Amino acid sequence: MKFNLLALRPLRAGTVVLATLLIAGWAMRPLEDPAWQAVRAGQPALKLDSLQGALGQGVTVGLLGGFRAIAADFFWIKTNSVWSDYDLPATQTLIKLVTAIDPRPLYFWQNGARMIAYDMPNWRVAEAGGYDVVSTAMQQQIEHEQSAVAIKYLNEAFGYHPDSVQIYLEIGNVYLNRLKDLNSAAEYYHKAALRSDAPYFVARIYAELLRRQGRNAEAYDWLKKLYPTLPKPTPPGLVQPAKNQPSALEIEMAMAPVVLGRIREIEKELKIPEYQRFKP
Amino acid sequence: MNATTGGVPFSFSRLLIVAGNTFTEAVRQKLFNFLLLLAVGLVASAQFFREFNFGSSELKFISDFGLGAMVFFGSTLTIAATAQLFFSEIENRTALTILAKPIWRTEFIFGKFLGVFAVIGVFCALTTLLLAGLLCSRENSLMALHPDAFPNGRLIHYGDLMVMGVLQWLKFGVLAAITLLIASFSNTNLYTVVMSFFMLVICHLQYLAHDAYAQVASLPLRLLVRMLGYVFPNFQVFNLADQVAIGSGLDAGVVLRVAGYALVYIAVIGGLAVYSFRNREI
């Protein structure tokens with residue numbers, strides 16, 4: 001039988017194509033690697049082992065293929081749907097699933113924690129017969145349990161958002177509004193207030209939390225240190241370069257006169273003599 | 001050079017004529033109905049999010065869904081349009097008429113590519129502008145309703161959104177070149193479409209094989225996987241959309257590298273499609 005060389009043509013063409021792609025891929029590493037590292041740095045690793053049980057294969061491939069944000073959005077909408085039906089197990093599972101899929105948006109962590117800490121205790125009490133039937137001790141136990149779940153959940157968020165002001169505030173608010181634990185709330189507000197990106201109100205609330213615990217001296221020291229850092233309107237006659245001029249909104253949000261007013265209140269409460277009082 | 005070209009030099013004007021015809025043919029293939037459907041879908045989804053009262057985060061949802069729709073429908077459109085426009089020439093025998101004239105196969109293939117690339121460009125431009133318009137309109141409303149949620153001004157970087165549209169266009173360009181390469185040796189439209197979808201999935205997931213086998217003890221297996229990683233382009237490098245949606249800016253250096261990566265791949269894979277097509281009997 002005569003060997004037909006033409007039969008080898010597709011094989012030769014295939015080899016040329018593969019070899020060219022191989023060389024091109026290798027040659028383009030210097031372009032691809034830094035870009036890929038940058039893309040990857042913005043994408044926390046998927047914990048597939050915790051997701052595969054809850055998701056089908058199709059969704060998993062979608063997640064791996066780059067549809068991660070949209071999948072998380074879909075599941076968040078589903079979370080809202082089960083939340084409106086007061087379905088506690090489904091809501092709690094979906095909240096955790098959403099942040100397992102895409103832990104980057106703070107919105108998911110904040111709102112998930114709010115559902116767990118503020119809504120779910122009401123659902124549990126309602127399911128047990130309502131606030132008239134369930135004893136106060138039992139209500140408090142439920143609130144403590146749900147708050148613990150929410151705080152644990154928010155602490156997981158620090159893994160993706162280290163030192164986030166919003167997460168510190170969310171934990172502080174759970175302590176303040178749900179558990180009425182002023183000391184722990186103050187601790188988290190303090191952590192948030194120390195961050196340079198903290199909104200102005202955080203430092204003011206921290207001082208108020210200290211005052212409500214009777215720690216007036218600490219609040220006084222804190223506010224005295226805070227006041228000089230706050231933006232204030234430029235006094236008439238003083239010319240400042242435009243770039244150093246705080247905006248009207250910033251001045252309004254900083255509420256320097258309110259802070260000064262509180263300093264004066266504490267001075268009265270602590271009976272600080274006139275000559276030792278804070279001089280702005 | 002093809003024997004039928006009879007020694008005529010390569011001509012960009014002939015290439016552009018092929019591209020122009022391809023574009024016209026694509027527009028006639030109900031492409032704009034498809035775009036209209038997508039636009040209606042986008043607008044409807046934006047209205048749907050208002051039901052949930054997401055606040056300023058509604059913008060993230062609109063952006064995610066808009067960019068997701070662009071990636072999904074864009075990939076589908078690229079593969080379907082490229083395969084359809086290539087095989088319509090083969091099946092209607094018009095390719096024979098065209099290639100019987102003094103025209104290079106390079107001009108034919110790159111003309112086809114440019115025609116499809118222009119169609120995808122229109123698709124990307126329309127969807128990006130529509131999405132930007134939707135986001136801008138909704139952001140204005142939300143800024144009026146909840147000014148405290150926008151302490152630093154606008155959340156969406158509209159310039160980055162436009163850059164994302166361009167990067168997606170370039171990615172679809174690589175995908176169109178891959179589809180043309182497959183079409184250049186394939187006998188049927190269906191085979192081309194199926195194989196191109198497989199390639200799309202492989203190019204999106206090849207990084208996983210890299211990761212999984214990076215720690216494998218067996219050296220030959222590791223080398224094999226590394227080589228496979230070189231053969232398939234990594235489509236995940238184009239996945240910068242999430243950063244736009246969560247309010248982070250795009251890094252200009254990364255954008256330029258990704259754009260360069262796409263352009264080099266378009267040239268290389270397009271060249272291979274020409275090489276493969278030159279060996280093909282029509």
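I began with a helix pair in chain A of this predicted model. Helix α10 (residues 182-193) of chain A packs against helix α11 (residues 200-212) of chain A at an angle of about 155 degrees, and their axes lie 9 Å apart. Angles over 145 degrees count as roughly antiparallel, so α10(A) and α11(A) are roughly antiparallel to each other. I noted the hand of the crossing of α10(A) and α11(A) as left-handed.

Next I listed who meets whom. From α10(A) come A:Leu182, A:Ala185, A:Ala186, A:Tyr189, A:His190, A:Ala192 and A:Ala193. They meet A:Val202, A:Ala203, A:Ile205, A:Tyr206, A:Leu209, A:Leu210 and A:Arg212 in α11(A). I sorted the contact of α10(A) with α11(A) by class: 12 nonpolar, one polar and one charged residues.

A:Tyr206 turned up again when I looked up the largest nonpolar core. That core has 136 residues, and A:Tyr206, B:Ile120, B:Ala177 and B:Ile269 touch the most other members. Helix α5 (residues 158-185) of chain B gives the largest share of this core, 16 residues. I then followed B:Ile269. Leaving aside neighbours within four places in sequence, B:Ile269 is in contact with B:Val174, B:Ala177, B:Ile178 and B:Leu181.

Last, I checked where the chains touch. I found 35 residues of chain B in contact with 33 residues of chain A. On the chain B side, two or more residues each come from α2 (58-91), α6 (189-213), α7 (219-231), α8 (241-245) and α9 (252-278). The largest share of that side, 10 residues, is from α9(B). By class, I have 20 nonpolar, 10 polar and five charged residues for the side of chain B that touches chain A.

How values were computed:
Residues are numbered from 1 along each chain as its sequence is written. Chains are lettered from A and ligands numbered from 1 in the order in which they are written. This is a predicted model: local features need pLDDT of at least 70, side-chain atom pairs count only at pLDDT 80 or more; totals for chains, interfaces and linings use all residues. Two residues are in contact if their C-beta atoms, placed from the backbone, lie within 7 Å. Helices (H or I, at least four residues) and strands (E, at least two) are DSSP runs, numbered from the N terminus. Ala, Val, Leu, Ile, Met, Phe, Trp, Tyr, Cys and Pro count as nonpolar, Asp, Glu, Lys and Arg as charged, and the others, Gly among them, as polar. A nonpolar core is a set of buried Ala, Val, Leu, Ile, Met, Phe, Trp, Tyr and Cys residues joined through C-beta atoms within 7 Å. A residue is buried if 20 or more other C-beta atoms lie within 10 Å of its own, exposed if 12 or fewer, and partly exposed in between; C-beta atoms are placed from the backbone. Axes are lines fitted to C-alpha atoms, for helices over the stretch in contact, and angles run from 0 to 180 degrees between N-to-C directions. Angles under 35 degrees count as roughly parallel, over 145 as roughly antiparallel, 65 to 115 as roughly perpendicular and the rest as oblique. A crossing is left-handed if the near helix is turned anticlockwise from the far one by less than a right angle, and right-handed if clockwise.
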